[in-house]
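Welcome, and thank you for taking a look at this one with me. Please have the sequence and the model open side by side as you read.

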Amino acid sequence: MPPLTNTPVYFGNFLVTPQVFHLTAHSFALVNIKPLLPGHVLVSPRRPAKRLSDLNHAEISDLFLTVQQVGRMVERFYGASSLNIAIQDGPAAGQSVPHLHTHIIPRQSLDLEDQGGSDAIYGMLEGEDGDVGKHLGEKSNRRPKFPSVDDSSRQPRTAEEMADEARKLADEMKQQQITDGSSHSSL
């Protein structure tokens, strides 16, 4: 299956078109190069706004409706019972790519018990493993230094692995829209 669009989609400076599994008028959802847990995806505005306060009303409404739809789908698809939804709004908050993005992380009971419990996800987001820009190849001196999670066996995924997951999630989004009769449509 080809990408959802022939129009290039950028996340910061990175071309991510093959990773995109859902598009709306103002937002896109993409698979993560190095997910913290299975199903960890990102939703971002199409316009490369750096901060939440940079979005206009239409963009912010679309972003959060997209987060809601994508969250519902990944929770079901990955058999989760809850979600972490997080925005690191600016470099001092741990934002590693200067393009606003929302993390959606499907959660299961006791999934991080061996790492200190469910709140360990926040340290993972703030640590080196959560540094999306680093894994995409961007060098930034602006990101605060936080202790990394001891997880050396977790490697960045290949473009093929991410494209495969994007195809599966795109199919799931289509099915969800048919089932739900969603009025917040993709393009």
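The numbered points below go from the overall layout to single residues.

1. **What you are looking at.** Please keep in mind that this is a predicted model. The chain has 187 residues, and 48% of them count as buried. Four helices and seven strands make up its secondary structure. Along the sequence they follow the pattern β-β-β-β-β-α-β-β-α-α-α.

2. **Contacts along the chain.** Take the contacts between residues at least 6 apart in sequence: 62% of these join residues at least 24 apart.

3. **From β3 to β4.** A hairpin of three residues links β3 to β4. The two strands pair in the antiparallel sense over three bridges. If you want a landmark here, look for leucine 23, which stands opposite phenylalanine 28 in β4.

4. **From β4 to β5.** On to the next pairing: strand β4 (residues 27–31) and strand β5 (residues 41–45) are antiparallel, with five bridges between them. Valine 31 has valine 41 of β5 as its bridge partner, and leucine 30 is partnered in β5 by leucine 42.

5. Is β4 enclosed or open to the outside? Five of its five residues are buried, so β4 is largely enclosed by the rest of the structure. The side chains in a regular strand alternate between the two faces of the sheet. In β4, Ser27, Ala29 and Val31 point one way, while Phe28 and Leu30 point the other way, and all are buried.

6. **How α1 meets α4.** These helices also pack against each other, at an angle of about 110° and with their axes 10 Å apart. Angles of 65 to 115 degrees count as roughly perpendicular, and α1 and α4 are therefore roughly perpendicular to each other. On the α1 side, the contact involves Gln69, Val70, Arg72, Met73, Arg76 and Phe77; on the α4 side, it involves Lys168, Leu169, Glu172, Met173, Gln176, Gln177 and Asp180. By type, the residues of this contact divide into five nonpolar, three polar and five charged.

7. **An aromatic pair.** The structure holds one aromatic pair. Its members are phenylalanine 77 and tyrosine 78, in an edge-to-face arrangement with 5.0 Å from centre to centre and 80° between the planes. Phenylalanine 77 is also one of the α1 residues that meet α4. Is phenylalanine 77 buried, partly exposed or exposed? With a relative accessibility of 32%, phenylalanine 77 counts as partly exposed, since that class lies between the 20% limit for buried and the 50% limit for exposed.

8. **Isoleucine 87.** For leucine 100, the separation from isoleucine 87 is 13 residues in sequence and 7.7 Å in space, C-alpha to C-alpha.

9. **Leucine 110.** Finally, please have a look at the loop between β7 and α2 (120–126), where leucine 110 is found. Leucine 110 has a positive phi of about 65°, although it is not a glycine. Its relative accessibility is 61%, so leucine 110 counts as exposed, the cut-off for that class being over 50%.

Definitions and conventions: Residues numbered from 1 in each chain as written. Predicted model: local features only at pLDDT ≥ 70, side-chain atom pairs only at ≥ 80, totals over all residues. Heavy atoms only, no water. Pairing = 2+ DSSP bridges. Phe/Tyr/Trp six-rings, centres within 6.5 Å; stacked < 30°, edge-to-face > 60°. Buried < 20%, exposed > 50% of the residue type's maximum accessible area, 1.4 Å probe, protein only. Axes fitted to C-alpha atoms, helices over the stretch in contact; angles between N-to-C directions. Parallel < 35°, antiparallel > 145°, perpendicular 65-115°, else oblique. Contact = heavy atoms within 4.5 Å. Nonpolar A, V, L, I, M, F, W, Y, C, P; charged D, E, K, R; others polar.
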